[in-house]
Amino acid sequence: MPSAPVLSFADATLAYPGAIGLSGLTLDIEAGQAVALVGPNGAGKSTLLKAVLGQVPATSGRLAVLGGTPAAALDRIGYMPQTDELDPEFPVTLRQVVMMGRYRSVGWLRWPGRADREAVDAALTRVGLTDLAGTRFGRLSGGQRQRGMLARALVSDPRLLLLDEPFNGLDQVNRDALLGTIAELTASGVAVVVSTHDLELVRAVCDRVVLLNGRMVAEGPVDATLTLPLLEQAFGSTAATVDGATVLSHPDHGHHPEHGHPAERGH
């Protein structure tokens, strides 16, 4: 028999106190799939991720994470936030930052053991930062710090990985490294959910797309879902084409061809 979805929403409404964050959400995500959440700012992408973490309730419909409640699944979820609260000036090494991801299983009072140290080594290897393990975290480049935060999310060996705008500000080297890590994770059976504005990333690494704008606008395979009519439903007049490539323009920045990479134009 087929296994249960790693993540399942059935006509779910996700709401903060006094305000609906996202409605009409019906979605199943299977092991080994990479799914992108795409929509304008305030569309509900972070709300969906927070609901999976148990921080925003489903006020109607159904939400199941690994076949149960979000609270029961937390030990098997890895999460890389859009911005981290760790002060770069705080005197900790990269290894210590990654070890923080073990605290849920280790506990705050128990000293990490051999298994925890081996898990940290494996996570650092996975993101290609083994040689920098002893480096003070604040001295790493921005891209290296983001990869370090990904290692922290991976150190608990999650079955579901949530990434909130993981590619913001990355140079090409760190971007390629992160793309490779996501591909390896899905090949090993980890389900990955990525909140992003980067359509080039979506086409490079994701199997499916969920378009959001306060509700679920559309969901499906990448090529069938990232179409101009559906993007216009999600983004309104901010969706456009430039030289045959779909781009997203922002009223406060003018046309922003963040997705005008040659690969997106079929070259």
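Which residues point one way from strand 6, and which the other way? Leu-160, Leu-162 and Asp-164 point one way, Leu-161 and Leu-163 point the other way, and all are buried, where buried means under 20% relative accessible area, exposed over 50%, and partly exposed in between (1.4 Å probe, protein chains only). In a regular strand the side chains alternate between the two faces of the sheet.

The structure is a predicted model, in which local features need pLDDT of at least 70 and side-chain atom pairs count only at pLDDT 80 or more, while totals for chains, interfaces and linings use all residues. Residues are numbered from 1 along each chain as its sequence is written, and side-chain values use heavy atoms, with hydrogens and water left out.

The secondary structure of the chain comprises ten helices and eleven strands; helices (H or I, at least four residues) and strands (E, at least two) are DSSP runs, numbered from the N terminus. Of the 267 residues in the chain, 50% are buried. The chain exposes about 12600 Å², of which carbon and sulfur atoms supply 52%; accessible areas come from the Shrake-Rupley method with a 1.4 Å probe, and for residues only the protein chains shown count as cover. Among contacts (heavy atoms within 4.5 Å) with a separation of 6 or more, 62% are between residues 24 or more positions apart.

Strand 6 is largely enclosed by the rest of the structure, because five of its five residues are buried. Two strands pair if DSSP finds at least two bridges between them. By this criterion strand 6 pairs in the parallel sense with strand 5 over four bridges and, also in the parallel sense, with strand 7 over five bridges. Tyr-79 stands opposite Leu-162 in strand 6, and the bridge partner of Leu-160 in strand 7 is Ala-191. In the loop between strand 6 (160-164) and helix 7 (172-187) lies Glu-165. Its phi is near 50°, a positive value in a residue other than glycine. Glu-165 is buried, with a relative accessible area of 6%.

Strand 3 (residues 34-38) is likewise mostly covered, with five of its five residues buried. Ala-34, Ala-36 and Val-38 point one way from this strand, whereas Val-35 and Leu-37 point the other way. Strand 3 runs parallel to strand 7 (residues 191-195), to which four bridges join it, and Ala-34 stands opposite Val-192 in strand 7. Four bridges also pair strand 3 with strand 8 (residues 208-212) in the parallel sense; here Val-38 stands opposite Leu-211 in strand 8.

A nonpolar core is defined as a set of buried Ala, Val, Leu, Ile, Met, Phe, Trp, Tyr and Cys residues joined through side-chain atoms within 4.5 Å. The largest such core has 51 residues, of which Leu-161, Val-192 and Leu-211 touch the most other members. Helix 6 (residues 142-154) contributes the largest share of this core, five residues. Another core, of 30 residues, lies apart from it and includes Val-35, Ala-73, Leu-162 and Leu-212. In soluble globular proteins, nonpolar side chains tend to be buried together.Helix 6 is largely enclosed by the rest of the structure, because ten of its 13 residues are buried. Among the buried residues are Gly-143, Gln-146, Arg-147, Met-149 and Arg-152. The buried residues of this helix pack against strand 5 (77-80), helix 3 (94-99), helix 5 (114-126), strand 6 and helix 7. The end C-alpha atoms of helix 6 are 19 Å apart, which agrees with the 18 Å that its 13 residues should span at 1.5 Å a residue; the expected span is 1.5 Å times one less than the number of residues.

Three further strands form an open antiparallel sheet in the order 2-1-4. Strand 2 (19-29) and strand 4 (58-65) stand at the edges, each with a single partner strand, so one side of each is left without a neighbour in the sheet. The twist averages 25° from one strand to the next. Strand 1 and strand 2 pair in the antiparallel sense over seven bridges, and Tyr-16 stands opposite Ala-19 in strand 2. Helix 1 (residues 45-52) lies across strand 1, strand 2 and strand 4, running at about 110° to strand 1; axes are lines fitted to C-alpha atoms, for helices over the stretch in contact, and angles run from 0 to 180 degrees between N-to-C directions. Asp-11, placed in strand 1 (residues 7-16), has a phi near 45°, a positive value in a residue other than glycine. At 52% relative accessibility, Asp-11 counts as exposed.
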